[in-house]
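Dear colleague,

My notes on what was found in it follow directly after.

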Amino acid sequence: MSGGRFVVTGTDTGVGKTVFAAGLAGHLGVPYWKPVQAGLDEGTDRETVAALSGQTVLPEAYRLTTPCSPHQAAAIDGVTIDPARLVPPEGPIVVEGAGGVLVPLREDLLYADLFARWGIPVVVVARTALGTINHSLLTLEALRSRNVPITGIAFVGDENVETERVICAMGQVRRLGRLPWLDPLDAENLRAAFAAGFDRAGLQ
Ligand SMILES: Nc1ncnc2c1ncn2[C@@H]1O[C@H](COP(=O)(O)OP(=O)(O)OP(=O)(O)O)[C@@H](O)[C@H]1O
Ligand SMILES: [Mg+2]
């Protein structure tokens, strides 16, 4: 049981963490928080989740101008990221990282290290497309090596039965479900796809 507290991470940037996080926040009826947003020009993840979930979206701790790794985006803006400002608030919440688990916030701090400090159960979002077995198993190893609790893996994309099966078998991780590619991507479609694609019991 997670107490309605989840961290959403992924195997890479652009895999669908924000869309999944919006689905999860909406499903649980809990707030969303993206502590570090790098890149402000093309819309932020917070804005996307607000539109797709209708839930409360908390303000970011850091809003960095440049769409790149947080350690570099912070340097460009002349900011040093302080982990003390990155502690999730009490109570049920969905928290999204940036990129994948070995993305640096500073040269001495990776997202995976932060997740280990928090101790909040993590959902790994993974693509179903070619390349995902390697990325998924690497991500699970990196989390386990730091004793980060893992709730399970959520797939995004077209069904790929054998790929999803072998990741869960070899990675010894629970398959939470799959979110298909949605067209159009809107709040109503996401709510329906989330309800159809995910096992409620795995996400309590
Ligand atoms: N299930 C889906 N159906 C349709 N479009 C999707 C879906 N999931 C993701 N997308 C689209 O793919 C792109 C990347 O998704 P998203 O922003 O959720 O990735 P991310 O993993 O959060 O990326 P980042 O590392 O930048 O935070 C976006 O344009 C999003 O709208
Ligand atoms: Mg995102």
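The largest share comes from α1, with 3 residues. Please keep in mind that this is a predicted model.

The volume of the largest pocket is about 640 Å³. Sorted by class, its lining holds 15 nonpolar, 10 polar and 6 charged residues.

What sits in the largest pocket? Ligand 1 does. There are 17 residues around ligand 1, and Thr13, Gly14, Lys17, Thr18 and Leu182 come nearest. By class, the shell around ligand 1 is made up of 8 nonpolar, 5 polar and 4 charged residues. As with the pocket lining, α1 gives the largest share of this shell, 3 residues.

- Thr18: an N or O atom in the side chain is 2.8 Å from an oxygen atom of ligand 1.
- Val15: a backbone N or O atom lies 3.1 Å from an oxygen atom of ligand 1.
- Lys34: a polar side-chain atom lies 3.4 Å from an oxygen atom of ligand 1.

How much of ligand 1 does the protein bury? Taken alone, ligand 1 exposes 630 Å², and the protein buries 74% of that.

**Two points in the backbone**

Some background first: most peptide bonds are trans, and most residues other than glycine have a negative phi. Two places in this model should be read with that in mind.

One is the peptide bond from Asp183 to Pro184, which is cis, with omega near 0°. Where is Pro184 found? Pro184 belongs to the loop between β10 (175-179) and α7 (187-197).

The other is Asn147, which has a positive phi of about 60° although it is not a glycine. Asn147 is found in a loop as well, the one between α5 (132-144) and β9 (150-156).

That is the list so far. A note on methods will follow separately.

Regards

Notes: Residues numbered from 1 in each chain as written. Chains lettered and ligands numbered in written order. Predicted model: local features only at pLDDT ≥ 70, side-chain atom pairs only at ≥ 80, totals over all residues. Heavy atoms only, no water. 1 Å grid on protein atoms, 1.4 Å probe; cavity = no way out; pocket = protein on both sides within 12 Å on 5 of 7 lines; lining within 4 Å. Points joined across faces, edges and corners; volume = space filled by probe spheres on them. Helix = DSSP H or I, 4+ residues; strand = E, 2+ residues; numbered from the N terminus. Nonpolar A, V, L, I, M, F, W, Y, C, P; charged D, E, K, R; others polar. Near = heavy atom within 4 Å. Polar contact = N/O pair within 3.5 Å; in protein donor to acceptor, adjacent residues only side chain to side chain. Areas by Shrake-Rupley, 256 points an atom, 1.4 Å probe, with all protein chains shown as cover. Sits in = over half its atoms within 2 Å of the grid points.
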